[in-house]
Amino acid sequence: MAKRLLSNMAGPRTIAVHGGERPDPATGASSPSIVLSSTFVTEGPEAFSAYDLSADTPYLYTRWSNPTVDALAAKLALLEGAEAGQCFASGMAATAAIFTTFLKAGDHAVVSDVCYAAIAELARDYLPRFGIAVTCVDASDAAAVRAAVTDRTKLIFVDTPCNPLLRLSDIAALGTIAKEAGALLAVDSTFATPIATRPLALGADLVMHSATKYLCGHGDAIGGVVVGAADLVAKLRADAAIHFGGVMSPFNAWLIARGVATLPLRMKSHEENALAVARFLESHPAVERVTYPGLPSHPQHDLARRQMSNFSGMIAFQVKGGAAAGRTTAHRMAQNLGVIHYAVSLGHHRSLICWMQTDELLASSFGGSPGSEAAYRAWAGDGLFRLSIGLEEAEDLIRDLDACL
Ligand SMILES: *Cc1c(COP(=O)(O)O)cnc(C)c1O
């Protein structure tokens with residue numbers, strides 16, 4: 001049977017469908033089978049240590065590697081233009097893998113002061129217990145990141161567009177700062193996806209995704225992935241996957257790979273719908289402010305146009321009347337929305353919305369210096385709705401929101 005390797009000229013839609021996959025050599029099956037086996041029969045005795053792992057170690061045990069999970073990692077590495085990828089049980093497992101593999105006691109990390117809440121808490125509250133110093137800064141301000149770097153800085157970690165503000169970081173500028181400092185730049189690209197932004201081409205060393213979101217796209221599997229240079233990914237695999245053990249299940253990898261096949265098409269529709277809904281919200285009298293990278297009113301619209309070839313499907317908006325009005329509107333939405341689900345998470349084919357009150361978030365996840373709290377308020381006011389636009393008809397989403405505003 002023909003080997004069918006993807007040419008390196010293949011475009012994203014072709015990679016999304018075929019990357020990492022080939023017809024089953026035994027059966028000719030066109031669609032990939034799921035290899036659920038936890039162990040593998042070998043030709044002879046094999047080593048038992050993660051340190052003995054090499055590129056030609058055969059499949060031994062699914063925590064080490066598994067063909068179905070590897071196929072997804074290869075597909076995502078190809079989409080990001082990376083040499084290699086490693087899947088994890090969740091986006092948080094992938095993030096923890098980056099922190100624990102590339103930082104040790106005595107090191108320093110610079111982390112975006114506004115990012116996914118659990119990441120902000122992990123960096124700020126947990127890493128210092130292991131002797132790792134962390135400075136949280138507004139990563140949309142490259143000068144602030146540069147000022148935070150010390151001679152012990154080993155990692156700069158940012159997400160762009162950031163959750164939940166949709167504030168952007170200039171990856172190329174941060175890549176230069178990281179290079180000068182001899183530190184790694186890791187980018188959480190969950191909101192952007194490889195269809196919008198390819199951080200490695202802009203100077204990042206590692207890209208992390210919560211595969212639970214757009215990559216899976218259907219809200220039915222949790223997973224995470226990190227892609228980058230082969231030597232960095234090999235270290236992640238030995239240090240974090242094999243030793244910490246937070247690996248992706250083959251079943252989830254199969255579901256997520258099925259989702260990735262339609263990622264380029266879905267992102268097109270997410271963007272088209274989001275633009276229509278963002279314009280509607282911007283014209284609604286009850287709405288105070290809309291933040292969407294694709295709108296000219298976004299304070300970093302120029303950077304968004306430079307760095308994103310798709311503006312994705314995430315919208316943040318505030319209603320007039322402050323926190324009290326926000327909370328009341330959130331209750332009304334939870335009770336009355338007909339199409340949109342009032343729920344956390346994002347990137348699904350179903351639209352999802354949730355209310356995020358500023359005081360609560362500053363008291364828990366994003367608390368820090370008075371400067372970063374003021375910067376957060378400048379974007380979020382007293383609270384914002386985080387709206388993940390799905391694949392429904394834009395008119396139905398608009399009617400649904402209009403009835404609750
Ligand atoms: C959801 C999310 C995470 C965490 O991923 P899980 O798969 O839920 O562990 C990290 N970063 C961003 C931006 C996310 O949206």
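Gly44 lies in the loop between α1 and α2. In this predicted model, the residue is partly exposed, with a relative accessibility of 29%. Gly44 and Leu122 are 78 residues apart in sequence. Their C-alpha atoms are 42 Å apart in space.

Three helices, α1 (12-18), α2 (67-80) and α9 (250-260), each supply at least two lining residues. Helix α2 gives the most, with 6 residues. By class, the lining of the largest pocket has 17 nonpolar, 7 polar and 6 charged residues.

The second largest pocket has a volume of about 700 Å³. It is lined by 31 residues, and those closest to its centre are Tyr59, Ser65, Asp70, Gly85 and Arg237. At least two lining residues come from each of α2, β1 (84-88) and α8 (230-244). Helix α2 again gives the most to the lining of this pocket, here with 7 residues. The lining of the second largest pocket divides into 20 nonpolar, 7 polar and 4 charged residues.

The ligand is surrounded by 13 residues. The closest are Met92, Asp188, Ser210, Thr212 and Lys213. By class, this shell has 5 nonpolar, 6 polar and 2 charged residues. A polar backbone atom of Gly91 is 2.8 Å from an oxygen atom of the ligand. A nitrogen atom of the ligand lies 2.6 Å from an N or O atom in the side chain of Asp188. The side chain of Ser210 places a polar atom 2.8 Å from an oxygen atom of the ligand. Taken alone, the ligand exposes 380 Å², and the protein buries 94% of that area.

Thr95 is found in helix α3 (residues 91-102). Its relative accessibility is 0%, so Thr95 counts as buried. Thr95 and Asp188 are 93 residues apart along the chain. Their C-alpha atoms are separated by 8.4 Å.

Ser90 lies in the loop between β1 and α3. Ser90 counts as buried because its relative accessibility, 19%, is under the 20% cut-off. The side chain of Ser90 reaches the backbone nitrogen of Ala93 at 3.0 Å.

Thr197 is found in the loop between α7 (193-196) and β6 (206-210). With a relative accessible area of 3%, Thr197 is buried. A polar atom of its side chain lies 3.0 Å from the backbone oxygen of Gln307.

Backbone geometry was examined next. Most residues other than glycine have a negative phi, and most peptide bonds are trans. Thr193 has a positive phi, near 70°, and is a residue other than glycine. Thr193 is placed in helix α7. Its relative accessible area is 1%, so Thr193 is buried. Ser345, also a residue other than glycine, has a positive phi near 80°. Ser345 is found in the loop between β10 (341-342) and β11 (352-357). Ser345 has a relative accessible area of 19% and therefore counts as buried, the cut-off being under 20%.

Cis peptide bonds occur at two prolines described here. A cis bond joins Thr160 and Pro161, with omega about -15°. Pro161 is found in the loop between β4 (153-159) and α6 (171-181). The peptide bond from Asn163 to Pro164 is cis as well, with omega near -5°. Pro164 likewise lies in the loop between β4 and α6.

Key. Residues numbered from 1 in each chain as written. Heavy atoms only, no water. Helix = DSSP H or I, 4+ residues; strand = E, 2+ residues; numbered from the N terminus. Nonpolar A, V, L, I, M, F, W, Y, C, P; charged D, E, K, R; others polar. 1 Å grid on protein atoms, 1.4 Å probe; cavity = no way out; pocket = protein on both sides within 12 Å on 5 of 7 lines; lining within 4 Å. Points joined across faces, edges and corners; volume = space filled by probe spheres on them. Near = heavy atom within 4 Å. Polar contact = N/O pair within 3.5 Å; in protein donor to acceptor, adjacent residues only side chain to side chain. Areas by Shrake-Rupley, 256 points an atom, 1.4 Å probe, with all protein chains shown as cover. Buried < 20%, exposed > 50% of the residue type's maximum accessible area, 1.4 Å probe, protein only.
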